[in-house]
Amino acid sequence: MGIEQAYVDAHPASRALYERARRVVPSGVTHDSRYLRPFPIYAARAQGSRKWDVDGHEYIDYVMGHGALLLGHNHPAVMGPAAEQLSRGTHYGASHQAEIEWAEEVIRLVPSAEAVRFTSSGTEATLMALRLARAHSGRPAVLKFDRHFHGWHDYVIGSSRYGAAAPPGVPAATLDTVVVVAPQMHVVRETVAGRDDIGAVIVEPAGASSGTIPLPRGFLPELESFCRQRGLLFIMDEVVTGFRWTPGGIQQEEGLSPDLTTLAKILAGGFPGGAVAGRRDLLDQLAFPAPGEHAEKVGHPGTFNANPLSSVAGTACLREIADGRHQSRSRALASRLRTGMNAELHRLGLPGFVYGQASEFRIVLGGDTVPTPRDYDPRDLPLELLSAGSSRETERLLNLSLLTRGVHLFGNGGTTSSVHTEDDLAQTVEAWAAALQALCDESVLPS
Ligand code: PMP
């Protein structure tokens, strides 16, 4: 039986929910990356490294809350305090102690954080970072890198996985204030030399789309020192990498000191939340002027900013991940997984790579090189291949084929948590080998 038919036959309850969803939600999905033809799975519950769907199938989960769940689903260190908080209320409409503790943990872990402001998502965090940068520099334009993803607000949706160069609905006047360039220092230098309206640079420090397209070696330190020389504000978007690469993010690993850092995902322990952290003088633009002072402040309301539930869960999560054990374990697991998956490509003689940084893995099927059974530093792989990615149809059928075999990827890859097990890896590699074989049988891959 074909890959798609096997998937359809195994998931009647998900299909029924999808038909119902389509009547009330565009394309039946509530996040672009959850769109999957002919329909996505509908989850019913999750625990640890696993989740179950409405048809009763069990999955090894590599979506892991879009990267929010370094500790897996329902980790007791987070869920205990969160459950207690539920019984005390979810929104006080007042200041509370947990938000202070949450901010203190961020400042303890993130090297460049002198002060913090919480938002409800990573998108809001980058929106606020750009506003703070523009307010400080007085210059309207921001430099952004090709295909780097910083959320879905108007300033950053262009040239990302989810938006073309001129995305529908975004005014040209807005796009004119965002200069998109290739992540190469000579391009950055030339661009900045040619304009005097650029005040800040924002970067995804693992490279475009959570490390799908890595940055050149040494790029970040060079970018940082260039920003210093030219008086540009350096914004690291550590929404994905923060607390995951190391407890202090990529800036800790590479010894960098961005002016502003955006955070979300692991920050809030699996609940909604984001933050901008960084230089005190920049964050202090949000402070109210002293009585008699006539300065304008940067505005920032937001109903769910630092709500008690996210604050308590986030604080508990950051305390749990502070010593680096969870990062080391999830990293080691991902490296073994990448190696095991490359070994299967090698055994089957299929060109492509499973690569990635820290606890992430990315899959590209195609090109003309069959990998050896090992882990790869993405910066050693052909950039054109990583930029092109697998064909959409190959990626779709791989996802369907793996779902039918109990593995849930996140698009072109996924992330390990610290609670994935050796058994999970072994089962995943077995499912991967069978899924690849199915793709060969359908002539999607060369056999
Ligand atoms: N920045 C980066 C680097 C991201 O990967 C994401 C989301 N994946 C965001 C910002 C936006 O975060 P959110 O989905 O919480 O709005």
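Colleague: Which side chain has a polar atom 2.6 Å from an oxygen atom of the ligand?

Modeller: That side chain belongs to T123, whose polar atom lies 2.6 Å from a ligand oxygen. Please keep in mind that this is a predicted model. Backbone atoms take part as well: a backbone N or O atom of G122 lies 2.8 Å from an oxygen atom of the ligand, and one of F149 lies 3.5 Å from a nitrogen atom of the ligand. Taken alone, the ligand exposes 390 Å², of which the protein buries 82%.

Colleague: Which residues surround the ligand, and how many of them are nonpolar, polar or charged?

Modeller: The surrounding residues are S121, G122, T123, F149, H150, G151, E204, D237, V239, V240 and K265. By class, this shell holds 3 nonpolar, 5 polar and 3 charged residues.

Colleague: Let us turn to the sheets. What is the order of the 4 strands that form an open sheet?

Modeller: In general, the strands of a sheet pair through backbone hydrogen bonds, either parallel or antiparallel. Here 4 strands form an open sheet in the order 1-2-3-13, and the pairing is mixed. Its edge strands are strand 1 (43–47) and strand 13 (407–408), each of which pairs on one side only.

Colleague: Which pairs of strands run antiparallel, and which run parallel?

Modeller: Strand 1 and strand 2 (residues 50–53) run antiparallel and are joined by 4 bridges; within this pair, A46 has K51 of strand 2 as its bridge partner. Strand 2 and strand 3 also run antiparallel, with 3 bridges between them, and R50 has its bridge partner I60 in strand 3. Strand 3 and strand 13, by contrast, run parallel and are joined by 2 bridges. There I60 stands opposite V407 of strand 13.

Colleague: Which residue takes a positive phi in the hairpin of strand 2 and strand 3?

Modeller: It is G56, with a phi near 85°, in a hairpin that has 4 residues between the strands.

Colleague: Which helix packs on this sheet?

Modeller: Helix 17 (residues 422–441) packs on the sheet and touches strand 2, strand 3 (58–61) and strand 13. The direction of helix 17 makes about 105° with that of strand 3.

Colleague: What is the pairing in the open sheet of 3 strands?

Modeller: The pairing is antiparallel, and the order of the strands is 11-12-14. Strand 11 (352–355) and strand 14 (413–415) stand at the edges with a single partner strand each, so one side of each lacks a neighbour in the sheet. From one strand to the next, the twist averages 5°. Strand 12 (residues 360–365) pairs with strand 14 in the antiparallel sense over 3 bridges, and R362 stands opposite G413 in strand 14.

Colleague: What is the phi of H66, and where is H66 placed?

Modeller: H66 has a positive phi of about 55°, although H66 is not a glycine. Its place is in helix 3 (residues 64–67).

Methods: Residues numbered from 1 in each chain as written. Predicted model: local features only at pLDDT ≥ 70, side-chain atom pairs only at ≥ 80, totals over all residues. Heavy atoms only, no water. Near = heavy atom within 4 Å. Polar contact = N/O pair within 3.5 Å; in protein donor to acceptor, adjacent residues only side chain to side chain. Areas by Shrake-Rupley, 256 points an atom, 1.4 Å probe, with all protein chains shown as cover. Nonpolar A, V, L, I, M, F, W, Y, C, P; charged D, E, K, R; others polar. Pairing = 2+ DSSP bridges. Contact = heavy atoms within 4.5 Å. Axes fitted to C-alpha atoms, helices over the stretch in contact; angles between N-to-C directions.
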